[in-house]
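Thanks for coming, everyone. I have one structure to walk through today. Please have a look at it first.

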Amino acid sequence: MTTAPPDDAAARWNHNIHLQPVVTGAVPPGCDRVLDVGCGEGTVTRALTLRARHVTGLDPHAPSIGLARSQPVPDNVDYVVGDILDPPFEPGSFDATVAVAVLHHMDCPAP
């Protein structure tokens, strides 16, 4: 595991940043692989490097992934443009999955 690189999240506030300690704290230390669904600009993804050996940030919005990649990216982080409803990963690829403020962005059919 590595130390998460500094970013500007400490200088601003939004509910995702506010919930970051809750989300990262729920991931057991020493996880091998963690998936951050709807990673956006990657703030939570980078923070998860303190809990996991490898973290993958997934988001369908290419410009957001571009912002994530524009930050200092640790060697143990990958950012992937993709949709969790059609995941580009094999089942069982991750030890843990996190998602902050994602469900309201999903186009799920009504029951």
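This is a predicted model: local features need pLDDT of at least 70, side-chain atom pairs count only at pLDDT 80 or more; totals for chains, interfaces and linings use all residues.

Let's start with two strands. S2 covers residues 52–59 and S3 covers residues 77–81; they run parallel, joined by 5 bridges. For a landmark, find Leu58: Val80 in S3 stands opposite.

Now the whole sheet. It is open and has 4 strands, in the order S3-S2-S1-S4, with parallel pairing. Which strands stand at the edges? S3 and S4 do. Each has a single partner strand, so one side of each lacks a neighbour in the sheet. From one strand to the next, the twist averages 20°.

On to the other end of that order. S1 and S4 also run parallel, and 4 bridges join them. Look for Leu35 here: its bridge partner in S4 is Thr97. Back to the helix for a moment. H3 packs on the sheet and touches S2 and S3. The direction of H3 makes about 165° with that of S3.

Next, the core. The largest nonpolar core has 16 residues. Which of them touch the most other members? Those are Val27, Cys31, Val34, Leu48 and Tyr79. Several elements give two or more residues to this core: strand S1 (31–37), helix H2 (43–48), S2, H3, S3 and strand S4 (96–99).

Take Cys31 from that group. Set aside its neighbours within four places in sequence. What is Cys31 in contact with then? The list is Arg51, Ala52, Arg53, Asp95 and Ala96.

Last item: aromatic rings. The structure holds 1 aromatic pair. The partners are Phe89 and Phe94, and the geometry is edge-to-face. Centre to centre, the rings of Phe89 and Phe94 are 5.0 Å apart, with 90° between the planes.

Are these two residues buried or partly exposed? The cut-off for buried is under 20% relative accessible area. Phe94 has 18%, so Phe94 is buried. Phe89 is at 22% relative accessibility, so Phe89 counts as partly exposed.

That's my tour. Questions, please.

Note on methods: Residues are numbered from 1 along each chain as its sequence is written. Side-chain values use heavy atoms; hydrogens and water are left out. Two strands pair if DSSP finds at least two bridges between them. A nonpolar core is a set of buried Ala, Val, Leu, Ile, Met, Phe, Trp, Tyr and Cys residues joined through side-chain atoms within 4.5 Å. Buried means under 20% relative accessible area, exposed over 50%, partly exposed in between (1.4 Å probe, protein chains only). Contact means heavy atoms within 4.5 Å. Rings of Phe, Tyr and Trp (its six-membered ring) pair if their centres lie within 6.5 Å; planes under 30 degrees apart count as stacked, over 60 as edge-to-face and the rest as tilted. Axes are lines fitted to C-alpha atoms, for helices over the stretch in contact, and angles run from 0 to 180 degrees between N-to-C directions.
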